[in-house]
Amino acid sequence: MHRRGRLARLLLVAGFGLLLAAWVGSNAPGFGPDEPANFVKEVGAGTGQWSGTPGRLAHPAFGAQPGAPERIDWINRNSRVFRLPAGLDPGRAGFPCNLFRNWLSVSCLDRPHPRPPATRALSYVGTYEPYVYAVPGAAMAHTDTALGALYTGRAVTAALVAGLLAVAVAAAWSGPAGPLSVAGVLLAASPMVLFMGSVLGTNGIEIAACTALFALVLRMGRATGPPRWAWPAVGVVGALLALSRPTGPAWVLLAPLVGLVLAQRRAGRWRSADRWRSADRWRSATRWRRAWPVLWLGLAAGGVVATALWERAVQPHPGIRRALVVEGLHRLPHDADAWVRQWVGVFGWASLPMPTYAYRIWWLAVVVLALVALATGPWRARLGFVAVLVGAAVVAVGLDVVVLRQTRFPVYGRYLLPLAVLLPLAAGEIVTRQAARLPGAVRRLIQVAVPLAVAAVHLVGLWANARRYAVGTGGPVWFLGRSQWNPPGGWSPWFALAAAGTLCLVAFALTGLRATPATPGAQTAGGPDTGDLTAYPTETGDGHTSDDGYASDDGYASDDGYASDDGYASDDDYSTNDGYAGDDHRASRHEDAARRASGAEVAGTTGRTAPGKPTDPGRHRAFPTGDD
C-alpha cells in the first residue's frame with residue numbers, strides 16, 4: 001500500500017508537470033498577461049538591472065475610458081527602462097499581435113523580423129520586486145533571440161511552479177486517506193493556475209507558492225504534528241512567496257492564522273518530568289528540535305523584510321480615495337462574477353474564456369467537496385472553515401476597493417487567486433481528517449470523480465486556448481491540419497504532452513478505485529471513544545506495522561511525523577521505536593493507560609501482565625486525535 005501511495009503521488013505530480021509543459025509550448029508568444037513587459041523586466045533583473053531608470057509611455061492610449069489620465073499616471077510611476085542584449089527585444093520580435101481579436105488567428109507572428117541590436121526598452125512593471133524575476137531572467141539573457149528567450153523564461157517559471165505543486169501534494173498527502181487527501185490540491189490547481197505558471201511573470205509563482213504554503217500549514221495542524229521536512233519547506237516556500245510580488249508578504253503572514261484556525265487539538269502529550277531527566281542526547285535533540293522551526297521561519301521572515309524594504313524604497317503606492325472605495329463596493333457583484341470564471345480559467349490577457357460547461361464542472365466539484373467537509377467535520381472544523389472563508393472574502397474585498405481599485409485598473413481574478421485556493425485546500429484538509437468516517441461510496445466518488453473532472457477541464461482549457469491562436473474562436477473546433485499558426489515543432493508534441501498529463505490524472509483516479517478505505521484506530525477494550533478521525537497503523541501478522549504510509553520498510557516511522565530519521569521521537573511523540581521512554585526503558589504513560597483500559601493489569605485475570613513489563617504498544621496503545 002505504501003508503494004501504491006507513492007505511485008499515486010508520482011502520477012499526480014507528473015500530470016501537473018506535463019500539463020505545464022504543454023502550456024509553455026502551445027501558448028502563443030506574448031499572450032500571457034503583460035508578458036512583453038514582464039519579458040523586459042526579467043531580462044533586466046537577470047542582467048543585474050534591478051531598478052532600471054525611470055521612463056514614461058511614449059504613446060499611451062486608453063481611449064475614453066473613465067479615469068484614463070489616472071491610469072496613465074499610475075503606469076508611468078511604475079515604468080522603468082532596461083538595457084536589452086542584442087536580439088532580445090520583444091517589440092521588434094512582433095509579439096503579441098492581434099491582441100484582443102479572438103476571432104483571428106495569430107498568423108501575424110510568422111512574419112520575418114530582423115535581429116535587433118542591443119537596445120533599451122520600457123517595462124511598466126519595472127518597479128516590481130526583482131528578486132524572483134531574476135531567476136528566469138538570468139537564463140533568458142544567455143539566449144540569442146527574443147523567441148528563444150521567451151520560451152526559456154517560460155520553462156524556468158514552469159519548473160518552479162511544478163516544484164511548488166509537488167510540495168503541495170506531499171504536504172496534503174495522508175497515508176490512511178490515500179488519494180482522497182489531495183482532492184483539495186487537485187481543485188486548487190485549476191487551468192488558470194497552470195496557465196499563469198507557464199508564462200513570463202511572477203503571478204503564477206505567487207499562486208503556486210501560496211498553494212504550497214497553505215497546504216503545509218494545514219498539514220502542520222494535524223493531530224499527528226508536522227514531519228521534520230515541513231519546516232524547511234515552510235521556510236523556502238515562504239521566502240519565495242514573500243519575494244515574488246508586493247502582495248506576497250500578506251499571504252505569508254496570513255498562512256499561520258489559517259493553520260491555527262483549522263488546527264486539530266493534540267491530546268495526550270507526555271509531560272512527565274522523566275523526559276527532562278533522560279540522557280544528554282535526548283536533551284540536545286530536544287533543543288535542536290526547538291531551534292529547527294525558528295531557523296526556517298527566519299528565512300521566510302527575511303523574505304518578508306526584503307520585500308517590505310523594496311516597497312518602501314522603490315514601489316509607488318496609490319492613495320485611498322473614498323469615492324473609488326464606494327465605486328468598488330458597487331461593482332463587487334460584477335467583479336465577483338468575473339473572478340469566479342478567472343479563478344478557473346480565462347486565458348490570454350483575461351480575454352479568452354473556456355466553454356461554460358467547463359466552469360460548471362469545476363465549481364460543482366469544489367462545492368461538493370466543501371459540502372462534504374461541512375457535513376462530516378466536527379463543529380470546531382466547521383466553524384474554522386467558515387471563518388477562513390469569511391476572512392478570505394474580507395481580505396479580497398479590502399484589496400479590491402482599498403488598494404487595487406485606487407489605481408483605476410480593473411481587479412483581475414489572478415490577483416486574488418492566492419486567496420481563492422484556500423476554499424478547496426481547507427475543504428480537502430477537513431475531508432482528509434474525516435476519511436475514516438466517510439461512507440465508502442462518498443469516498444470512492446471523491447477519489448475518482450474529482451481527478452477525472454479535473455483532467456477533463458484541463459484538456460478543454462488547453463484545446464480552447466490553442467484553437468484561438470491556430471484559427472481564431474470562429475474557426476473549426478478540430479483545427480489540426482488547418483492551422484494558420486503553429487507553435488515551435490507544430491501542435492503534435494505539445495498535444496502529446498497534454499495527452500500524457502491527462503492520462504497521468506486518469507491513472508491517478510484509477511488508483512482511487514483500488515485504495516483501501518481508512519478505518520479508525522483500534523479502540524482499547526473498555527476504553528472511551530477517542531473520537532479518532534484518521535486511521536493509524538495496525539500490527540500485521542509478522543509483528544511489523546502495516547505499510548499504510550506511517551511506517552517505512554526499515555521499521556522506523558515515515559515522514560508523516562512520528563519519528564525522525566535518526567530514530568528519535570518527533571515533536572509530538574516522546575517514545576522511541578521500541579515503545580520505551582528514554583534509555584531507562586520505562587514505558588510511557590500512554591502505554592500504562594492503555595494496559596489499564598484493556599484490563600490487562602486487573603488482578604485475578606488469566607492474561608495478567610508481569611509488573612513492570614511493558615506490553616506491545618502496537619496492540620494496546622490508544623492514539624489520541626485532536627478533533628472533538
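Helix α19 covers residues 440-470, where helices are DSSP runs of H or I with at least four residues, strands are runs of E with at least two, and both are numbered from the N terminus. The helix contains 31 residues, which at 1.5 Å a residue should span 45 Å, and its end C-alpha atoms are 45 Å apart, so expectation and model agree. The expected span is 1.5 Å times one less than the number of residues. After α19 comes Gly-472, which has a positive phi near 85°.

The model is a predicted one, in which local features need pLDDT of at least 70 and side-chain atom pairs count only at pLDDT 80 or more, while totals for chains, interfaces and linings use all residues. Residues are numbered from 1 along each chain as its sequence is written, and side-chain values use heavy atoms, with hydrogens and water left out.

The protein as a whole has 22 helices and 7 strands. Of its 628 residues, 54% are buried; buried means under 20% relative accessible area, exposed means over 50%, and partly exposed lies in between, with a 1.4 Å probe and protein chains only. Accessible areas come from the Shrake-Rupley method with a 1.4 Å probe, and for residues only the protein chains shown count as cover. Among contacts with a separation of 6 or more, 80% are between residues 24 or more positions apart, a contact being heavy atoms within 4.5 Å.

Apart from neighbours within four places in sequence, the contacts of Pro-191 are Trp-23, Val-344, Phe-347, Trp-362, Val-457 and His-458.

Gln-49 sits between α2 (35-46) and β1 (53-54), and its relative accessible area of 10% is why it is classed as buried. A polar atom of the Gln-49 side chain lies 2.8 Å from the backbone nitrogen of Arg-83. When neighbours within four places in sequence are set aside, Gln-49 is in contact with Gly-44, Phe-82 and Arg-83.

The whole structure holds 11 salt bridges, each defined as a side-chain nitrogen of Lys or Arg within 4 Å of a carboxyl oxygen of Asp or Glu. One of them joins Arg-321 to Glu-70, with an N to O distance of 2.4 Å. Arg-321 belongs to the loop between α12 (280-313) and α13 (322-330) and Glu-70 to helix α3 (residues 68-78), so this pair ties together parts that are 251 residues apart in sequence. Arg-321 is partly exposed, because its relative accessible area is 36%, and Glu-70 is likewise partly exposed, at 26%.

Glu-70 also forms a salt bridge with Arg-408, the closest N and O atoms being 3.0 Å apart. Since Arg-408 lies in the loop between α16 and α17 (413-420) and Glu-70 in helix α3, the pair ties together parts 338 residues apart in sequence. Arg-408 counts as partly exposed, with 22% relative accessibility.

Another salt bridge links Arg-405 with Asp-335, whose closest N and O atoms are 2.4 Å apart. Arg-405 is in the loop between α16 and α17 and Asp-335 in helix α14 (residues 332-345), so the pair ties together parts 70 residues apart in sequence. Arg-405 is buried, with a relative accessible area of 7%, and Asp-335 counts as buried at 7% relative accessibility. Elsewhere, salt bridges that share partners join Glu-70, Arg-321, Glu-327 and Arg-408 into one network.

The surface also carries a nonpolar patch of about 490 Å², made by Val-367, Leu-371, Leu-374, Val-386, Val-390 and Val-394. Patches consist of residues with over 30% relative accessible area and no salt bridge, with like charges joined within 9 Å and nonpolar side chains (Val, Leu, Ile, Met, Phe, Trp, Tyr) within 5 Å. Helices α15 (356-376) and α16 (379-403) are the elements that give two or more residues to this patch. Val-367 has its place in α15 and is partly exposed, with a relative accessible area of 42%.

How values were computed. A polar contact is a pair of N or O atoms within 3.5 Å; within protein, one must be able to donate a hydrogen and the other to accept it, and residues adjacent in sequence count only if both atoms are side-chain atoms.
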